[in-house]
Each structure stands twice: as C-alpha cells, then as structure tokens.
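Here are my notes on the model, point by point. Please read them with the structure open.

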Amino acid sequence: MKYLFLFFPFFLQSQNLFELYEIGKFPTVLNETSGLETNDSNSIWTHTDSGGEAALYKTTSSGALLMTVKLINASNLDFEDICFAHDGKVYIGDFGNNNNDRNNLRIFITSINELESKDSVLVDTISFSYPDQSLFPPAAPDRNFDCEAFFHYKNFLYLFSKHRGNFNYTKCYRIPALKGLQTPVLLDSFATSTWITAADISPNGKRMA
C-alpha cells in the first residue's frame, strides 16, 4: 500500500535530498490507496489495494474526489500500481502476490479518453506468469514473485519484484504491452536497501525511479 497522505517531493541540489510535505488527504473510500498516476498537474488517478472495488478514482492534487470509474469486466484481486503510456493507454497492475502463490497475474488496459468520458469501462487484459517460477509458492527464501511497481516504455511494461525472502533484491521483467497471454522476460536483478513498492520513468526515458 501507499500512504494515504499526498506528498510533493522537490530536489535540494546542494544536499542531494528530497524534502516531503503534506498537500492533502484522500477521502475515506481511498483508505488504502495503492498506485498513483497523473496526466496533468491538477489531478491524480489512483485505485485501492487488494479486495477493494475494481475501479479507478480521479482526485484533485489535494485529494478531493472528482470521479469514480468502474472497470466492468475486472476484479481487484490485488491492484498494486497504475501507469500511463504516451499514446493515452492506461495500465492497471493486478499483480500483488504477497504469498507468491498466484498463477493468475493480470494487467488491465484502458485509455485516459475512456476514463475521462465514462463512469464505467470495459478493459482488455494481459495475462502472465513469471518464466522463472515453478513452485506456487516457492521455498521461503526464494519468494521474489510479488510485484508492486511497473512503468511503460516503448511498447513494453517493466515490472519490478518485491522480495519477500531473506534479503532484498529486485528482479526486472519486461512484458509486451499487448492484450492476451504474454510471457515476461527476466532482464536483470539488482540489490536494494528496501522493498520496491513503486516505479516510474523520466519523460525523456533516461532515468527510472
């Protein structure tokens, strides 16, 4: 989950630090908000975490609810992140996998135009499983198949695992951003100081956070 309060970070070049301050609070319907995304400076799109409604919520930048859009043919098993593509596509990651035992991981697809004009939408679905997982769940030290973070870049989605084993490292998978059954490719892994719970890429595509 992500914190209920909204924070705006700004970069302090001299200290190489981020300072956070509160700018608002979400309504109670978003008491466990998870992914956050925006396509302008005045609004935010978000969703609830596992077990919540299969819906996206548009709020002001200070958290006031503007719209609720239901995803008609989807269910929220464990929504964890949302990302936008440059072509207006919207991807919702239903890939939370705390117990590392899911074999029905999904990413739902809609568009910002649909969301802005309707109160309910039909979504397309990407279905997938990890190519390096054979046990559901694997042994405790090998439970690195949870995911809470992804972004879109050049027709692909990049997913980052949340290690629930004995040490922290994340695996990066690439999956085609196309509906249907897809097979992710494991690109690489790297050590982290903590769990990866969100991800994004800079507008110029040169840095990821």
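1. Start with one bridge. Lys-171 has Ser-189 of strand 18 as its bridge partner. Strands here are DSSP runs of E with at least two residues, helices are runs of H or I with at least four, and both are numbered from the N terminus. Strand 16 (residues 169-176) and strand 18 run antiparallel and are joined by six bridges. Two strands count as paired if DSSP finds at least two bridges between them.

2. Some ground rules. This is a predicted model, in which local features need pLDDT of at least 70 and side-chain atom pairs count only at pLDDT 80 or more, while totals for chains, interfaces and linings use all residues. Residues are numbered from 1 along each chain as its sequence is written, and side-chain values use heavy atoms, with hydrogens and water left out.

3. Which residues does His-152 contact, apart from its neighbours within four places in sequence? They are Cys-83, Phe-84, Ala-85, Tyr-91, Leu-157, Ala-177 and Ile-201. Contact means heavy atoms within 4.5 Å. His-152 sits in strand 14. It counts as buried because its relative accessibility is 14%. The classes are buried under 20% relative accessible area, exposed over 50%, and partly exposed in between (1.4 Å probe, protein chains only).

4. Check the loop between strand 14 and strand 15 (156-162), where Lys-154 lies. Asn-155 lies in that loop as well. Phi is positive at Lys-154, near 50°, and at Asn-155, near 75°. Most residues other than glycine have a negative phi. Lys-154 counts as exposed, since its relative accessibility is 59%. Asn-155 is exposed too, at 57%.

5. Check the peptide bond between Phe-136 and Pro-137. It is cis, with omega about 5°. Pro-137 lies in the loop between strand 13 (124-128) and strand 14 (146-153).

6. Last, Ala-64. This residue is in the loop between strand 7 (55-60) and strand 8 (65-71). At 40% relative accessibility, Ala-64 is partly exposed. Beyond its neighbours within four places in sequence, it contacts Lys-58 and Thr-59. Gly-24 is 40 residues from Ala-64 in sequence, yet the C-alpha to C-alpha distance is 8.3 Å.
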